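Subject: the model you wanted to look at

Hi,

Here is the structure I said I would pass on.

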Amino acid sequence: MDTSFGKQGEKAVLLSSDLQAEEWSCLRLVYQITTSSESLSDPSQLNLYMRFEDESFDRLLWSAKEPSDSWLIASLDLQNSSKKFKILIEGVLGQGNTASIALFEIKMTTGYCIECDFEENHLCGFVNRWNPNVNWFVGGGSIRNVHSILPQDHTFKSELGHYMYVDSVYVKHFQEVAQLISPLTTAPMAGCLSFYYQIQQGNDNVFSLYTRDAAGLYEEIWKADRPGNAAWNLAEVEFNAPYPMEVIFEVAFNGPKGGYVALDDISFSPVHCQNQTELLFSAVEASCNFEQDLCNFNQDKEGPGWTRVKVKPNMYRAGDHTTGLGYYLLANTKFTSQPGYIGRLYGPSLPGNLQYCLRFHYAIYGFLKMSDTLAVYIFEENHVVQEKIWSVLESPRGVWMQAEITFKKPMPTKVVFMSLCKSFWDCGLVALDDITIQLGSCSSSEKLLPPPGECTFEQDECTFTQEKRNRSSWHRRRGETPTSYTGPKGDHTTGVGYYMYIEASHMVYGQKARLLSRPLRGVSGKHCLTFFYHMYGGGTGLLSVYLKKEEDSEESLLWRRRGEQSISWLRALIEYSCERQHQIIFEAIRGVSIRSDIAIDDIKFQAGPCGEMEDTTQQSSGHSEDLNEIEY
């Protein structure tokens, strides 16, 4: 597609037939984006989406807008799934009269994108980082070049097969490095990475394997310890990629007898290598929302520092973070035995030598001095050593705040939460909820594409639109609202992020503000829409959610709440089905007084009924959570 067919901003879409990836598959795309030199401000863009048959939105898998003067290859991992899907390839023309986007080949094969036998000329998307003196070359094949020293490759065990090699013939200086870089992984994977290599004996080189994440952080995961024999040696390496990373095969020359290194048949298996007896890490087992019990967390024997509690929705005390109506942990330092008492909560055991991201929500009430009232320690099991990795400094009182901490220790560890009251005269309450521990650094998840069908309003209003924008429409805001005794003190996502709200002091009684989703595709089966709402204030009006079908002037009411509900953010679940293209509309109506700010946050559309999400809500309190089921 180019400017002879369309103008800037126009889209062209290619849609595949129904596909299925019963086994893990790799989708490769050979493409080129060109642009005229003066129009770098607004380049053309190529987007690739997956469209599952039961989802009303498309999932963005990959996007590119870097212009190039040659063909590029993109490799995308598709996780195995029994669902049928289509691939959508969308080109959006950029600025300039020579903008164009071209596709040369699309290929879907079973296996992982990181695997390669180097028999095809695209080398599976592996690239050599060019160096004037030492580089990885393709060896073998029918062209017998002088440097292809090996009699045969590993794949076909013949001289016609191909492999990759680095030779020191061209080394000008010692300390030269050749790097072969894999495509970036695009789906979480963990298991055993294996490959075959040969190293010429008696040489001065170091052959190692690194991973590199999107932030550019290198980590060595393997090193050849001995030259090995002249035949092909098998290497097996534990490989863990919870977020996008590249694998880098590096040869460093550091002496006059450089020799050569050859590599072939890289493969991956989602099970542990044979020599591994490590503890397996499960993110599910290391996380807890405390709705049913303490999960795999446990307390000190000395006495109950932390209690699992639940608060009915009211105007004085906030409920939990998960739903606003559920359970959370509370350390009431007033009632524990003596000042200086420490309530310790231990997490499950975590295997050593892995990087973890710990996230949790906390809220603090009372306390004149807030610092150190809640702290997180790492407890190394073998050494009985505790190291403090985080503590509260200052935060708004009574607001659920999110904390995130990245840590890595060589030994198996436990995370310990401690609540502390330093003096009898200054005690208060410390609340804790929604603890998750995941592999990888907390900052690397920010580089992931935002999940489809979700909006936290942290960056912008996502794909939501408004019919008109003025003082009386929905506004994006952080912190508390200007009027006292109404509106939230902070957002639901992190406590310091953004939410959408209506400012009642800019509106008159009965005035409406409407927030519209983008058009959603009609599909058979049920959808579950979840969001959090905040309706606090004596004059609060109405919050309604409507479904508007394409070509229908009528809107159907899906959900409604009237008047003041709670000082907490509450979770709403709406189950609906619609087989035609449609939009979801959030409508807030101002109530009788200026104390009627209404806010919403963390909207999420999911395929399938809400029933699977219901298991976290317990309805013993007589106040069931909002679950509306409506079909059209």
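Below is what I found, going from the whole chain down to single residues.

First, the ground rules. This is a predicted model, so local features need pLDDT of at least 70 and side-chain atom pairs count only at pLDDT 80 or more, while totals for chains, interfaces and linings use all residues. Residues are numbered from 1 along each chain as its sequence is written, and side-chain values use heavy atoms, with hydrogens and water left out.

**The chain as a whole**

The mean pLDDT (the predictor's confidence in each residue, from 0 to 100) is 84, and 89% of the residues reach 70 or more. The stretch to watch is residues 614–625, where the pLDDT is below 50. Beyond near neighbours in sequence, that stretch still has 30 contacts in the model, contact meaning heavy atoms within 4.5 Å. Where pLDDT is low, the predicted coordinates should not be read in detail.

The chain has one helix and 40 strands; these are DSSP runs numbered from the N terminus, with at least four residues for helices (H or I) and at least two for strands (E). Of its 632 residues, 53% are buried. Buried here means under 20% relative accessible area, exposed means over 50%, and partly exposed is in between (1.4 Å probe, protein chains only). Among contacts with a separation of 6 or more, 80% are between residues 24 or more positions apart. The chain exposes about 29200 Å², with carbon and sulfur atoms supplying 51% of that (Shrake-Rupley method, 1.4 Å probe; for residues, only the protein chains shown count as cover).

Asn254 lies in the loop between E17 and E18 (260–269) and is partly exposed at 39% relative accessible area. The C-alpha atoms of Asn254 and Val171 are separated by 9.8 Å, though these residues are 83 apart along the chain.

**Salt bridges**

I count 20 of them, taking a side-chain nitrogen of Lys or Arg within 4 Å of a carboxyl oxygen of Asp or Glu.

- Arg212 and Glu246 meet at 2.8 Å, N to O. This pair links E14 (residues 205–213) to E17 (residues 245–253), 34 residues apart, and both residues are buried.
- Arg359 and Glu404 have their closest N and O atoms 2.6 Å apart. Arg359 is in E23 (residues 355–366) and Glu404 in E26 (residues 401–408), so the pair ties together parts 45 residues apart in sequence. Arg359 counts as buried at 15%, whereas Glu404 is partly exposed at 35%.
- Arg514 and Glu587 meet at 3.0 Å, N to O. They sit in E33 (residues 512–516) and E38 (residues 582–589), 73 residues apart. Arg514 is buried at 16% relative accessibility, and so is Glu587, at 3%. Shared partners join Glu467, Lys512, Arg514, Glu555 and Glu587 into one network of salt bridges.

**A few single residues**

Which non-glycine residue has a positive phi of about 70 degrees? That is Glu551, in the loop between E35 (542–549) and E36 (555–562), and exposed at 74%. Asp602 also has a positive phi, about 50 degrees, without being a glycine; its place is in E39 (residues 598–607), and at 15% relative accessibility Asp602 is buried.

Last one: Thr413, in E27 (residues 413–420), is buried at 2% relative accessible area. Leaving aside neighbours within four places in sequence, its contacts include Pro348, Ile378, Phe379 and Phe407.

Cheers
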